[in-house]
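Here are some notes from going through the model, as numbered points. Have it open while you read.

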Amino acid sequence: MRQTRRMRLLYLLLAVAAAGAVTSAPAAAAAGAIRFTASQMGVPLQGAFGNFVAEVDFDPGRPQAGAVRVRVAVGSVDAGANSANELLRGESFLDAAHYPQASFEAKEFHARGDGQYVATGAFTLKGRSVSVPVAFTTASGAGGRSFDGTFTVSRLFFQVGQGEWADTSTLDDAVQVQFHLVQDAPPR
């Protein structure tokens, strides 16, 4: 039973981290996925958020003029089991009842070369904000422009996983967030 609670906590933490960053194309909503990975006693736990909106204005030729605004409904967390989802939505983790949304907003973009970029912006969860660098790549294809990236957040900073879940020997503090967004090609 204690291990089941620990797994639930890990899923919650991953969900919180996942809420943070999404990148899209010119000021429009994007389809895709926001996932997270946490580690409970050395075992990776994964989950995703099913409800988010990403507005991005980004031109690879002028990254310094970019802007992104992402909103994630933390109650849409899916860690693969109803019991884990309920734990993650609860007060000890994401507290979706009091803090229904996580966000990421950035207006600072830098090219790293070879199609790699970094967006630095504010990630907000449970009423707390921190500046986070988000590394990503972007490519244009037949289906539109895609954005893929990752970043890591501290679950403890955001008070995700309180009480018995605060023990980092059970549930790691670092939660990795991964995203894949596809902005549809504009009609011609």
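1. A definition before the charged pairs: a salt bridge here is a side-chain nitrogen of Lys or Arg within 4 Å of a carboxyl oxygen of Asp or Glu. Keep in mind that this is a predicted model, and that side-chain atom pairs count only at pLDDT 80 or more. With that in place, a search of the whole structure turns up two salt bridges.

2. Start with R71 and E105. Their closest N and O atoms are 2.4 Å apart, and the two residues form a salt bridge. R71 belongs to strand 4 and E105 to strand 6, so this pair ties together parts that are 34 residues apart in sequence. How accessible are the two ends? R71 is buried, at 17% relative accessible area, while E105 comes out as partly exposed, at 38%.

3. The other salt bridge joins E86 to R89, with 2.9 Å between the closest N and O atoms. Both residues sit in helix 2 (residues 82-89), three residues apart, which is about one turn of the helix. E86 is exposed, with a relative accessible area of 52%. R89 counts as partly exposed, at 25%.

4. Now the overall layout. The protein chain has two helices and 10 strands, and along the sequence they follow the pattern α-β-β-β-β-β-α-β-β-β-β-β. Of its 188 residues, 46% are buried. Take the contacts with a separation of 6 or more: 65% of them come from residues 24 or more positions apart.

5. As a reminder, strands of a sheet pair through backbone hydrogen bonds, either parallel or antiparallel.

6. On the turns: how many residues lie between strand 8 and strand 9 in their hairpin? There are two residues between strand 8 and strand 9. The hairpin of strand 7 and strand 8 also has two residues between the strands, and K126 takes a positive phi there, near 50°.

7. Next, the rings. The structure holds 12 aromatic pairs. One of them is F58 with F109, a tilted pair at 5.3 Å centre to centre, with 45° between the planes. This pair links distant parts of the chain: F58 is in the loop between strand 3 (52-57) and strand 4 (67-73), F109 is in strand 6 (residues 101-113), and 51 residues separate them. Are these two residues buried or exposed? Both F58 and F109 are buried.

8. Y117 and F136 make a stacked pair, 5.6 Å centre to centre and 25° between the planes. Y117 is in strand 7 (residues 116-125) and F136 in strand 8 (residues 128-141), 19 residues apart, and the pair links distant parts of the chain. Y117 is buried, as is F136. Which residues make up the aromatic cluster? F58, F109, Y117, F136 and F147 form one cluster, taking in both of the pairs described here.

9. R128 lies over the face of F157, at 4.9 Å from the ring centre.

Note on methods
Residues numbered from 1 in each chain as written. Predicted model: local features only at pLDDT ≥ 70, side-chain atom pairs only at ≥ 80, totals over all residues. Heavy atoms only, no water. Phe/Tyr/Trp six-rings, centres within 6.5 Å; stacked < 30°, edge-to-face > 60°. Helix = DSSP H or I, 4+ residues; strand = E, 2+ residues; numbered from the N terminus. Buried < 20%, exposed > 50% of the residue type's maximum accessible area, 1.4 Å probe, protein only. Lys NZ or Arg CZ within 6 Å of the ring centre and 35° of its normal. Pairing = 2+ DSSP bridges. Contact = heavy atoms within 4.5 Å.
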